[in-house]
Amino acid sequence: MAQNVLDLTVLEEEIQSHHDELIELRRDFHRHPELGTKEFRTSEIVEKYLNDLGIPTQRMFNTGVVGLIEGPKPGKTILLRGDMDALPVTEETNLPFKSENPGVMHACGHDGHTSMLMIAAKVLKNHQSELTGNVKLVFQPNEEEEGAKFMVEEGVLENPKVDAAFGVHLWSQVESGKIGIQSGPVMAEMFIFKLILKGRGGHTSAPHEAKDPVPCAANIITSAQTLQTREISVLDPTVIAFGKVVSDGSYNALANTVTMEGTLRYLYDGDDDTPQHPRKRFRRLIDGICAAHDIDYDIEIVPSSYSVINDEESVAFLKERVLPNFTTADQIQPYFCLAGEDFSEFINRNNVPGAFVFIGTGDESKGTTYPHHAPNFDIDEDTLITGVKFHVHSALEFLK
Ligand SMILES: [Zn+2]
Ligand SMILES: [Zn+2]
């Protein structure tokens, strides 16, 4: 036991010694954000960093970088993931290392994720001789749309075959110092819809001679709200949001068409084909309302990401063997949200055990409680080191 405590202290000091480099890396990525699938600079830096450490890498899905640290003794393989993409957001912070790429911003904290996994790679490489098995370091492109799926298609879960996968997200809605973790669904299934209502334009003085799609659109928006609160249990979180509603009419011309775009998010884990499925209910509602208004429509509902569902055993592993190494029980809290996240491709969608954890980075006094994707979003840099510890301890414990 004494030995273990000593080891932990030494490891803690080792990780802390990379603190300045961690912050520097994050600030550099923050200054040079790149959109999904265009993470050219970021992935080159990551690749060179890993290669300089002596970690062989492989490219996947163009800008994706996968590093492999093989222990001297054969064993299991753990996958650790960090995403690298930024967002089409114009930064409105006053940070000295504010985005220099106009219209692009690290507004989700992926600059932090990339840096955390790089430093974890450095520490784990230093402990290579203690590993029974392998660590696969996955630097993923295009998380905000879809990237994981393509890496899986290119074989990221094979050679060596992945036995467990873990991921983290810095999260501004969780207080700095806290860690959000629970088993079961923790992030929503998200589908993107595009609906086009097809009426017939006309003069606003004689609506009866036209076929106005606007009241139909209004009806769909309000009825979708009752779907969430009257049809589906409020205990089963569901959000149907219309982010864009555009009619092609004008002040004196009734619209020909109304285009509506938005997202459906829910934690429903039942069969896709049952009438109770939120997507099925949404289609039924649109079909019924359009019929009532005698309006034709086209609809596309396409997957963006699937629910991230943490398995119980992986959560127990983290709670019992990983988190106690660097945090206390009172800092750990259950947490889930309805954001989309394609980490599900590494675990649930391919039957790999694993878990996704939220690292609190919200601190009012540091101005880091703004929502993700907002132009004034920022992370509490003091929490980055927690992410490094999470990766390092997960790998060392899993490969003991
Ligand atoms: Zn995001
Ligand atoms: Zn994100």
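## Zinc site

Along the chain, the donors of the zinc ion (ligand 1) follow the spacing C-x35-E-x228-H, where donors are N, O and S atoms within 2.8 Å of the metal (3.2 Å for Na, K and Ca) and water is not among the atoms, so sites may look incomplete. This is a predicted model, in which local features need pLDDT of at least 70, side-chain atom pairs count only at pLDDT 80 or more, and totals for chains, interfaces and linings use all residues. Residues are numbered from 1 along each chain as its sequence is written, ligands are numbered from 1 in the order in which they are written, and side-chain values use heavy atoms, with hydrogens and water left out.

Cys108 (SG), Glu144 (OE), Glu144 (OE) and His373 (NE2) coordinate the zinc ion (ligand 1) at 2.0 to 2.7 Å.

## Bridging cysteine

Cys108 also bridges the zinc ion (ligand 1) and the zinc ion (ligand 2), which lie 3.1 Å apart. Cys108 is buried, with a relative accessible area of 6%, whereas Glu144 is partly exposed at 22% (buried means under 20%, exposed over 50%, partly exposed in between, with a 1.4 Å probe and protein chains only).

## Helix packing

Helix 8 (residues 312–322) packs against helix 9 (residues 384–398) at an angle of about 100 degrees, with the axes 10 Å apart. That makes helix 8 roughly perpendicular to helix 9 (65 to 115 degrees).

Key
Axes fitted to C-alpha atoms, helices over the stretch in contact; angles between N-to-C directions. Helix = DSSP H or I, 4+ residues; strand = E, 2+ residues; numbered from the N terminus. Parallel < 35°, antiparallel > 145°, perpendicular 65-115°, else oblique.
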